[in-house]
Amino acid sequence: MILRATLMSALLFRLLAAAPSSAELDDLPEHQSARRALQEGLPVVAAIKAERLMNLQPAGSLARQTLAGLAVEAWVRAQNGKAALQILQREKVPNTDFWEAQARVQAGDMDGAEALLARRLQEGSATSQERLLLAQISSFSGNPAQARQVLEPLITGTDATTAGRARLILAESDLREGITAPVLSSLASDPALAEDSKAALLKAQALVRQSRHEEAQGLLQKILGSTSGGEHLHHAASVALADSLHRQGKRIQAVDVLVQFLENTATSSLWDKAFQQLWTCLDGPGTNLPDAVLRWLLNAPSTQGVTAATPAFSADFQGHAMLLIARWLLAQKRSVEALGLLEALIQIHPGHAEADNALKLAMEIYGGMKVESRVAVLAEVWKRRFGGESSARVEFATAGVAYGRGDYRRAMELFEASASLASSLTERRSALYNAGLSAWRAGEVLAFQSLATQLQAAGGGARDGSADLELDQALELAAQARPEAEPTLQTFIRTHAGHPRLFDARLALAETLLSRPKPDFSLVEQTLLAAETVGQLTEKQQQRIALARLWSLESQGRLKTLAESGAAFIQRWPASDSTPLVRMKTADAFFRLENFAAARTEFELVVKEHPSSSYADTALYFAGLSALSMLSDEGREAAINLWQELAERGGPLSTPARQQQALAKRRAGQETEALNLLDSLLLEKKLPEETRRSLLCEKAEILMLLGKTDPAQFKTAVAVLRELLREDDLPLLWRVRGGYTLAVALQSASLPQEALEACYDVVQAAGSLGPATPAEARWYYRAGFFGIDLLESLKQWEPAARLAEKLAVTSGERAAEARERATKIRLEHFLWDGR
């Protein structure tokens, strides 16, 4: 459904109708600002402003309807169909059905949109725009008959423009269904389309399907030699020309056309088709990769002077090249090398347009190599975004997603379906095993017993996995801290003394004993000793036992021994994945022993030696606490610097870090007293304006720090900043500083769209020339780039690029950075728009 909505998004805005205007609104600055934001490509900001102004108008008034229409249009342009639908449900809006249909498409309800427009059609009230939209939806939804039924009356209608658009939509629909002759006759019958470039392309594509290659290539060459039609049309013509040449058996020429197209295209929505066509040309015996393909993979400039603006430097382009080379390597029986490229594509470019094909191909290769653990991981990623095929592997992927989100009954059903579709006994055992786990978690006892029996039957004399299923049941009980976990583990240990996973059972039993309200530490140690006697332990297993002993020492409060044992663990296994955690426990033990110097050292070592660890931010935070607890000037300054470093990381601990800075700088961290002092200063009648404004900003900042533990303080901070920004003739410095701080406060209050509006207001306040002083520039660019971040988090790529371009035309020191950011966004998200 998401894919279908995405395919429609490019077509929707061709049909957008401007919202009606009301003369009484024209003089309102907020209305003007909303329409300006929409014109400048920031529909989210326009929608927020229009909706706020709408709520101030009397119910049923023309002004309210006008603003509702503007808000709906803005939300649709922002591709936020859900927000548009919310307004449509409670407000009267012109062309309601048309807007609702588009909103439903964006919300993923293609069927709802189609049904709504179909009803309008049956009632005889559908406009030509609604009919065109219905035809497009029907065509993309695999309902070409309905598309034809809707379009034919438009084609024979009196509106020549609508008839031409209808012919083009029908031609595309027919070509999608492999129909060619009607396409040629229909397009030829309309004189208005004789010189239309889009019509020429469709004719050429139909001629290619009919193997009339000379005629097709003549049309395509004419398109490629023209200066009209737009880049997308030229790109489509290049791909179609290569297709024609390949069908003629001119493989080398086809490859040359595709390589030339790809080499000279900075970005294109047709890269996927071009690379697929290139692979079609190369998929055969005795083929070699063009030199350019390897260059694309390495991001190296060509010998013909390719600049940094070329696709070779685009991550998206590189991803296409990686998949192409992986396919070629696989065809050469070089599976391991192919997997290396596929894994790189999946990890480096997770949002790539070809990620689905890369995942699918990697799963197939791993499946053939029987590496099912990796298949399961990739399958979960696959089905979360793609899926849909009825195959054992995809059913397995679907089941993995259901299991991951806790829908165990659905996971059980899908794993069973995967087992039924399995093409090998190994795949069947894997699916049955996972179905059994799902059944247990779903509380389906009878299904669990049945699946365990099927798993035994599928064993074929080998280790059938039923005992593994029994153990996983016990481990699940232990993970849930269920009281029956302990006896279940003991039963497994007693009845499966020679099982390969006996170590897991004994260690889980020790951890279960340790989690008792009043642990018997001697019994825990006995169980750990028993686990050590289970065969020759791997390094990983020895580490797990050592970790369990560390938790036991911590529970006993034996901090000194804990610190010593932690140091011994680190010395023995410095490269262990658990080393950051152990060092954190060691540092914590020192901290609780009030050995703050040692604690600070250990915490800082976590940051230094494991900067990408999930513990790094926490370690940095507590390193500051340790430094501050040393009660020295050096310690306080070190703490401030450490917290500043953490704050700049922007992670979840950045706000507490700023709060800790305030604790150190503002009256030894007594925030309430600092806040009381600011309030008392703000009450002074003769307070200079500059001082008052500065104090308001500082007060808001302290309130935001307090908001970490009391979220209501965020609203107070917002109110303080709005008071500042309402001041008449407020100098630009304070407008941009207050506006940026307001944006941060709103984002902290989980109001990202309102935060975006605050950023936009800052950029607008500075005018087209931008800030005039370094102080103004500091806050101006902070607000602008924060707005870009917010837009990207909302996946509003085009508005993000436009906002970056607005910053880029200023004369400040970050203008070049903004220009690079805009270019990056446009390259990564296929944003041409004639730029």
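A cavity, as the word is used here, is a set of grid points where a 1.4 Å probe fits but cannot get out. In this predicted model, the count by that rule comes to 1 cavity of 30 Å³ or more.

**The cavity**

About 30 Å³ of space lies in the largest cavity. Helix H16 (271-282) and helix H18 (315-331) each contribute at least two residues to the lining of the largest cavity, with H18 giving the most, namely 4 residues.

Two packed helices are described by the angle between their axes and the distance between the axes.

| Helix pair | Residues | Angle between axes | Distance between axes |
|---|---|---|---|
| H10 and H12 | 160-176 and 197-209 | roughly 20 degrees | within 11 Å |
| H30 and H32 | 539-556 and 579-592 | about 20 degrees | 12 Å |
| H42 and H43 | 774-793 and 797-808 | about 165 degrees | 8 Å |

The axes of H10 and H12 cross at roughly 20 degrees, which makes H10 roughly parallel to H12, and the crossing of these two helices is left-handed. On the H10 side, Leu168, Ala171, Glu172 and Leu175 meet Lys198, Ala199, Leu202, Gln205, Ala206 and Arg209 of H12. The residues of this contact of H10 with H12 divide into 6 nonpolar, 1 polar and 3 charged.

Helices H30 and H32 pack at an angle of about 20 degrees, with their axes 12 Å apart, and H30 is therefore roughly parallel to H32. H30 passes H32 in a left-handed crossing, where Leu547, Leu550, Trp551 and Glu554 of H30 make the contact with Leu581, Val582, Lys585, Asp588 and Arg592 of H32. Within the contact of H30 with H32, 5 residues are nonpolar and 4 are charged, while no polar residue takes part.

In the pair formed by H42 and H43, the helices pack at an angle of about 165 degrees, with their axes 8 Å apart. Because angles over 145 degrees count as roughly antiparallel, H42 and H43 are roughly antiparallel to each other, and H42 passes H43 in a left-handed crossing. The residues of H42 that take part are Tyr780, Tyr781, Gly784, Phe785, Gly787, Ile788, Leu791 and Glu792, and they meet Trp797, Pro799, Ala800, Leu803, Ala804, Lys806 and Leu807 in H43. The contact of H42 with H43 comprises 11 nonpolar, 2 polar and 2 charged residues.

Technical notes
Residues are numbered from 1 along each chain as its sequence is written. This is a predicted model: local features need pLDDT of at least 70, side-chain atom pairs count only at pLDDT 80 or more; totals for chains, interfaces and linings use all residues. Side-chain values use heavy atoms; hydrogens and water are left out. Axes are lines fitted to C-alpha atoms, for helices over the stretch in contact, and angles run from 0 to 180 degrees between N-to-C directions. Angles under 35 degrees count as roughly parallel, over 145 as roughly antiparallel, 65 to 115 as roughly perpendicular and the rest as oblique. A crossing is left-handed if the near helix is turned anticlockwise from the far one by less than a right angle, and right-handed if clockwise. Contact means heavy atoms within 4.5 Å. Ala, Val, Leu, Ile, Met, Phe, Trp, Tyr, Cys and Pro count as nonpolar, Asp, Glu, Lys and Arg as charged, and the others, Gly among them, as polar. On a 1 Å grid over the protein atoms alone, a cavity is a set of points where a 1.4 Å probe fits but cannot get out, and a pocket is an open set with protein on both sides within 12 Å along at least five of seven lines; lining residues have an atom within 4 Å of a point. Grid points are joined across faces, edges and corners, and a volume is the space filled by probe spheres set on the points.
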